[in-house]
Amino acid sequence: LARALAAQGSSVLIMDEPTSALDGHTEAFVHRTFRELAAEHLVVVISHRPATLMCCDRVLVLAEGVVAQQGSWEEVAHRFGSV
């Protein structure tokens with residue numbers, strides 16, 4: 001899906017919970033695809049899944065509609081005690 005959208009000339013891809021119903025193998029494929037697309041596109045991924053957030057360059061944590069934390073996955077997870 002992301003490749004198809006990128007091929008249509010979109011410079012920004014917004015994906016909401018893109019891996020929520022995928023098996024581990026397919027989820028890994030999607031993560032690799034996001035990394036490839038990020039070289040030429042802005043890819044915004046909305047997710048609650050740590051495995052999906054780990055492949056992101058920057059993670060924003062929203063609380064009541066406000067950015068509460070931001071940084072790499074490692075930085076944000078450490079602040080929340082998840083690592």
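**A close look at S2**

Modeller: S2 is the top contributor to the nonpolar patch, giving three residues. This is a predicted model, with local features needing pLDDT of at least 70 and side-chain atom pairs 80 or more, while totals for chains, interfaces and linings use all residues. Numbering runs from 1 along each chain as its sequence is written, and side-chain values use heavy atoms, leaving out hydrogens and water.

The patch consists of Val-12, Ile-14, Leu-42, Val-44 and Ile-46, and together they have about 420 Å² of accessible area (Shrake-Rupley, 1.4 Å probe, with only the protein chains shown as cover). Take Ile-46, which sits in S2: Ile-46 is partly exposed because its relative accessible area is 42%, between the 20% and 50% cut-offs.

S2 also turns up at the largest pocket, where S2 supplies five residues, the largest share of the lining. That pocket holds about 780 Å³ of space. Helices H2 (24-37), H3 (50-53) and H4 (73-79) and strands S2 (42-46) and S3 (59-63) each give two or more residues to the lining. Of the 26 lining residues, Val-45, Leu-53, Arg-58, Val-59 and Leu-60 lie nearest the pocket's centre. The lining is made up of 19 nonpolar, four polar and three charged residues. A pocket here is an open set of points on a 1 Å grid where a 1.4 Å probe fits, with protein on both sides within 12 Å along at least five of seven lines; lining residues have an atom within 4 Å of a point.

Definitions and conventions
Grid points are joined across faces, edges and corners, and a volume is the space filled by probe spheres set on the points. Helices (H or I, at least four residues) and strands (E, at least two) are DSSP runs, numbered from the N terminus. Ala, Val, Leu, Ile, Met, Phe, Trp, Tyr, Cys and Pro count as nonpolar, Asp, Glu, Lys and Arg as charged, and the others, Gly among them, as polar. Patches are made of residues with over 30% relative accessible area and no salt bridge: like charges are joined within 9 Å, nonpolar side chains (Val, Leu, Ile, Met, Phe, Trp, Tyr) within 5 Å. A salt bridge is a side-chain nitrogen of Lys or Arg within 4 Å of a carboxyl oxygen of Asp or Glu. Buried means under 20% relative accessible area, exposed over 50%, partly exposed in between (1.4 Å probe, protein chains only).
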